[in-house]
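Thanks for asking me to look this one over.

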Amino acid sequence: MGGAAARVTRQRTVVVGAVLAAAATGLSWALAYPHGSLSSTVVRVLADCAGVVTLGLAVVPMLDGERHRGELLARSTRPLAAASVLWLLAELSRMIVAAAQTASLPVFRLGVQTTLDFATTTAAGRAGMLALVAAAAIAVAALVAPRTASWNVAVIGAAAVGVVARQLTGHFADSPLGGVAVTVHTLAAALWVGALAALVLTVDHRGQWARMLPRFSALSLACVVVLLVGGVVGAAIRLGAPADLYATGYGRLVSAKIAVTVALVVLGWRNRTMWLPAARSHTASAVVSRTRARVETALMLVALVLAAGLAVTG
């Protein structure tokens with residue numbers, strides 16, 4: 001695929017992803033109603049999606065062989081900068097919305113001092129500041145610093161910290177086990193979703209899919225095991241009774257996320273047994289690989305939006 005055609009294809013993929021995320025956000029809010037806030041859900045979805053893609057774009061060069069890693073580092077730098085800037089803006093918006101809700105004020109009446117007080121004196125505010133600083137550091141580095149392998153390791157670490165920064169101050173603030181479970185669940189899910197999204201955004205040729213898909217498959221298998229264990233533990237701690245799975249907004253979101261996760265595991269296993277051997281042997285074309293990756297990424301996006309809805313549902 002030519003460079004111009006590849007750019008157009010990636011732009012269309014981003015647009016379709018944005019539309020799908022918007023639709024899934026509406027579904028998430030409807031499932032949680034009346035216990036969820038639409039404004040909180042929207043900014044959470046934006047921040048989580050941007051953070052996950054940032055992490056994936058930092059990780060994706062590590063899925064290629066050392067000989068070709070420099071090329072992918074260069075290719076992924078521009079989308080990394082765009083994703084991290086979007087993440088920074090979304091985290092700032094999320095901070096403002098959360099501060100307004102805490103102060104029981106509309107956003108347009110929120111003062112700078114009130115926002116600073118929220119950011120520095122509350123656990124949720126300090127966690128948000130950590131995510132905001134991580135996004136800002138990655139954005140600055142991507143825009144001005146030469147991207148080397150050692151630099152990229154630091155970016156991966158910063159992205160991972162930013163993605164999980166808020167997990168210990170939410171629903172599981174009073175449960176050490178629940179906090180650890182949801183943190184490892186979140187990081188595993190972010191690696192799985194982010195890495196595949198990054199493959200969709202950066203890989204064009206059949207040879208690249210042949211080299212990188214086996215490594216992604218190994219990574220995704222480990223991530224699935226960890227996220228399933230963490231998710232089960234977190235749900236068991238958070239839900240009071242099985243009836244909560246349909247009687248509460250939080251439970252309905254959990255039920256929807258379980259359904260999507262089951263579909264993802266089935267699709268992932270099918271791809272592992274059919275797509276992976278074909279890609280490794282160069283018998284799957286780049287078009288086939290991109291199509292399969294987009295379908296799986298679309299389903300992952302829905303799960304990610306539902307997870308964002310869970311985080312802001314009382």
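1. Helices here are DSSP runs of H or I with at least four residues, strands are runs of E with at least two, and both are numbered from the N terminus. You are looking at a predicted model, where local features need pLDDT of at least 70 and side-chain atom pairs count only at pLDDT 80 or more, while totals for chains, interfaces and linings use all residues. Residues are numbered from 1 along each chain as its sequence is written, and side-chain values use heavy atoms, leaving out hydrogens and water.

2. On the overall fold, the protein has eleven helices and zero strands. Read from the N terminus, the order of elements is α-α-α-α-α-α-α-α-α-α-α.

3. The dimensions come next. The C-alpha trace spans about 55 × 45 × 35 Å along its principal axes. The radius of gyration, taken over C-alpha atoms, is compared with a globule rule of 2.2 Å times the number of residues to the power 0.38. For 314 residues a compact globule would come out near 20 Å, and the protein's 19 Å agrees with that.

4. How much of the protein is buried? Buried residues are 46% of the 314, where buried means under 20% relative accessible area, exposed means over 50%, and partly exposed lies in between (1.4 Å probe, protein chains only). Contact means heavy atoms within 4.5 Å. Of the contacts with a separation of 6 or more, 78% are between residues 24 or more positions apart.

5. A nonpolar core is a set of buried Ala, Val, Leu, Ile, Met, Phe, Trp, Tyr and Cys residues joined through side-chain atoms within 4.5 Å. The largest such core has 68 residues, and Trp192, Leu199, Trp209 and Phe216 have the most contacts inside it. Helix α11 (residues 286-311) gives the most to this core, with eleven residues. Beyond its neighbours within four places in sequence, Leu199 is in contact with Val60, Leu63, Trp209, Met212 and Phe216. Another core lies apart, with six residues, including Met95 and Phe118.

6. Two buried positions deserve a look on screen. Ala159 belongs to helix α6 (residues 149-164) and counts as buried at 0% relative accessibility. Leaving out residues up to four places away in sequence, Ala159 touches Leu55, Trp87 and Ile138. The C-alpha atoms of Ala159 and Gly56 are separated by 9.0 Å, although these residues are 103 apart along the chain. Ser84, in helix α3, is buried with a relative accessible area of 0%. With residues up to four places away again not counted, Ser84 touches Thr54, Ala135, Ile138 and Ala139.

7. Ser104 has a positive phi near 55° although it is not glycine; Ser104 sits in the loop between α3 (66-102) and α4 (112-121) and is exposed, at 64% relative accessible area. His282, also a residue other than glycine, has a positive phi near 65°. The loop holding His282 runs between α10 (249-280) and α11, and His282 is partly exposed, with a relative accessible area of 40%.
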